[in-house]
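Hi,

Here is the structure I promised to pass on. Have a look at it first, and then read on for what turned up.

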Number of protein chains: 2
Amino acid sequence: MATPDVDLVVVGTIGIDTIITPQARRQEVLGGSASFACATASRFTRTGMVGVVGEDLPRAARARFDDLDIDLAGLQTVPGQTFRWSGEYMTNMDERRTLATELNVLEDFNPDLPATYRRAPFLFLANIGPDLQRRVLDQMTQPRFVAMDTMDLWINIQRDNLEEMIGRVDLLTLNESEARALTGVHGLPVAAERLLAMGPRYVLIKKGEHGSMLFGSDGIVLLPAYPLREVVDPTGAGDAFAGGLMGALAAGGEVTPQRLRQAMLLGTVAASFAVESFSLERLVHLTREALDERAAAYRAMLAGAV
Amino acid sequence: MATPDVDLVVVGTIGIDTIITPQARRQEVLGGSASFACATASRFTRTGMVGVVGEDLPRAARARFDDLDIDLAGLQTVPGQTFRWSGEYMTNMDERRTLATELNVLEDFNPDLPATYRRAPFLFLANIGPDLQRRVLDQMTQPRFVAMDTMDLWINIQRDNLEEMIGRVDLLTLNESEARALTGVHGLPVAAERLLAMGPRYVLIKKGEHGSMLFGSDGIVLLPAYPLREVVDPTGAGDAFAGGLMGALAAGGEVTPQRLRQAMLLGTVAASFAVESFSLERLVHLTREALDERAAAYRAMLAGAV
């Protein structure tokens with residue numbers, strides 16, 4: 001049986017996380033950049049996941065991906081241990097420190113995309129080493145729109161690879177501290193200019209609970225975050241945001257500035273659900289109706305002053 | 001000659017500031033909550049200033065208020081030294097510490113409003129002791145809309161007075177750390193609920209470079225800050241924001257949720273000019289045209305996703 005086509009391919013990590021927050025502690029829960037990004041993207045469009053897990057990945061974890069309708073033709077299962085990360089959030093969740101990172105099966109990961117993935121129109125290179133991002137991009141035949149995310153680790157240890165990749169994508173997403181680290185500039189409008197000069201058409205700076213800013217030749221778009229009464233676990237918020245954005249964009253087909261702005265709004269709303277629980281717990285039960293309802297409430301909060 | 005009526009009365013401090021930023025140091029420049037609030041309010045509507053200065057206030061400072069078309073019938077000049085404040089901004093301006101505060105003539109300030117002020121429809125109680133805010137409010141005959149601002153000092157030393165005043169106003173403006181200090185709640189939506197329960201119809205939480213959130217029975221309004229390429233001195237930004245908001249609101253006459261939201265946007269834009277220079281330097285030369293032009297650009301940044 002031929003695998004059906006996917007609209008969006010996402011490569012990133014699939015991990016087993018241990019998370020400590022001021023209120024709670026969760027051991028060995030499903031996480032990783034690809035997990036969160038696919039979980040939100042798949043609310044909008046047919047999404048294929050590229051990544052690697054060890055044979056230790058619990059059957060329940062894979063069942064979650066199935067529940068989310070994520071296409072798993074690009075997911076490799078190999079002997080060994082799945083990638084593991086543990087982190088602790090400080091008072092008020094505005095700071096976190098990594099307690100441990102074990103690459104495990106990620107160390108020898110060699111992505112090999114199914115034929116149906118190679119012709120997908122949309123590609124999201126979620127946070128993973130820029131060398132792996134490149135190997136995935138190189139296998140795509142003619143992607144219409146490519147986004148990539150990164151993190152401070154790659155800025156520190158693979159800067160050349162990272163900068164080369166930044167020059168090859170349409171949209172770079174990164175958080176404010178990473179934008180500053182990459183450019184040496186504190187002010188975000190100026191940092192964004194420097195990043196745009198590296199080649200991408202758009203730069204999207206994520207500011208967590210303070211929202212996001214999109215910079216491109218067609219201007220700046222500003223979005224505050226959706227105001228939540230309670231944040232349970234911020235892990236994966238940025239991945240869920242970018243995944244939701246790319247899913248919404250892929251669902252629309254052609255990319256226009258207006259569609260990109262709309263996708264940014266939907267990504268923001270999708271991310272607000274991700275942080276309401278640990279792991280993918282809330283996202284697994286997230287319906288398109290709940291998402292659209294919150295998007296309407298959010299639009300009302302933004303529309304008044306415009 | 002009878003003093004012409006004013007639409008908006010502002011009470012607050014008029015001070016002589018010494019400011020240290022990572023880039024520069026300015027000694028003895030005009031500052032104070034009433035100065036910044038009146039400077040932006042007067043771009044929109046006829047504004048009267050209530051406050052006190054010492055005989056040492058340089059003639060040039062008073063000339064600035066005249067240049068700004070601020071009505072000074074409520075400004076007392078008394079023997080002694082003007083209120084003085086000095087503060088230092090740390091790296092990247094995201095933190096500041098107060099180096100010195102001298103109340104001077106503020107200690108014995110007894111506001112006595114001109115008759116034309118007492119019948120003004122709009123009142124802004126900018127940051128000053130809640131006892132003084134009360135004495136001003138008590139002299140107003142029937143204000144249509146009253147806003148008040150405060151600061152951590154009054155939360156610490158005059159909490160009862162402060163809470164009584166909060167119960168008497170239509171709009172409470174305060175920054176996020178103050179909202180947390182007053183309620184003991186970290187999350188802003190829940191903190192805002194607690195503050196609304198104290199009596200005001202609206203609570204506006206200011207988040208500096210991260211924008212602001214307005215809470216009221218007609219919903220939540222979210223605004224990011226206007227993105228600036230360079231911030232020279234953040235002093236007075238919150239006062240300029242609230243002053244601009246109240247000026248724009250007073251210019252509109254009747255208060256509706258929609259007009260309040262529009263005023264919030266204009267206050268945000270007005271504040272963005274305040275931080276582009278030390279003291280009132282940029283505001284003194286701010287034309288309504290420049291303000292409207294930036295407001296249009298800002299609306300475009302917000303409108304795309306809605």
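Let's start with how the copies meet. Of the interface residues of chain B, 100% are also interface residues in chain A, so the copies use the same surface to meet each other. Bear in mind that this is a predicted model. If you rotate by 180°, with 0.0 Å of shift along the axis, chain B superposes on chain A with an RMSD of 0.0 Å. The two copies are therefore related as by a two-fold rotation axis.

Now for the sheet in chain B. Nine strands make up an open sheet there, in the order 5-4-1-8-9-10-11-12-13, and the pairing is mixed. At the edges you'll find strand 5 (75–78) and strand 13 (219–223) of chain B; each has a single partner strand, so one side of each has no neighbour in the sheet. From one strand to the next, the twist averages 15°.

Helix 8 (residues 188–196) touches strand 10 (171–175), strand 11 (202–206) and strand 12 (212–216), and its direction makes about 140° with that of strand 11. Helix 10 (residues 257–274) touches strand 11, strand 12 and strand 13, with its direction at about 20° to that of strand 13.

Cheers

Notes. Residues are numbered from 1 along each chain as its sequence is written. Chains are lettered from A and ligands numbered from 1 in the order in which they are written. This is a predicted model: local features need pLDDT of at least 70, side-chain atom pairs count only at pLDDT 80 or more; totals for chains, interfaces and linings use all residues. Two strands pair if DSSP finds at least two bridges between them. Helices (H or I, at least four residues) and strands (E, at least two) are DSSP runs, numbered from the N terminus. Axes are lines fitted to C-alpha atoms, for helices over the stretch in contact, and angles run from 0 to 180 degrees between N-to-C directions. Two residues are in contact if their C-beta atoms, placed from the backbone, lie within 7 Å. Copies are superposed by least squares on the C-alpha atoms of residues with pLDDT of at least 70 in both.
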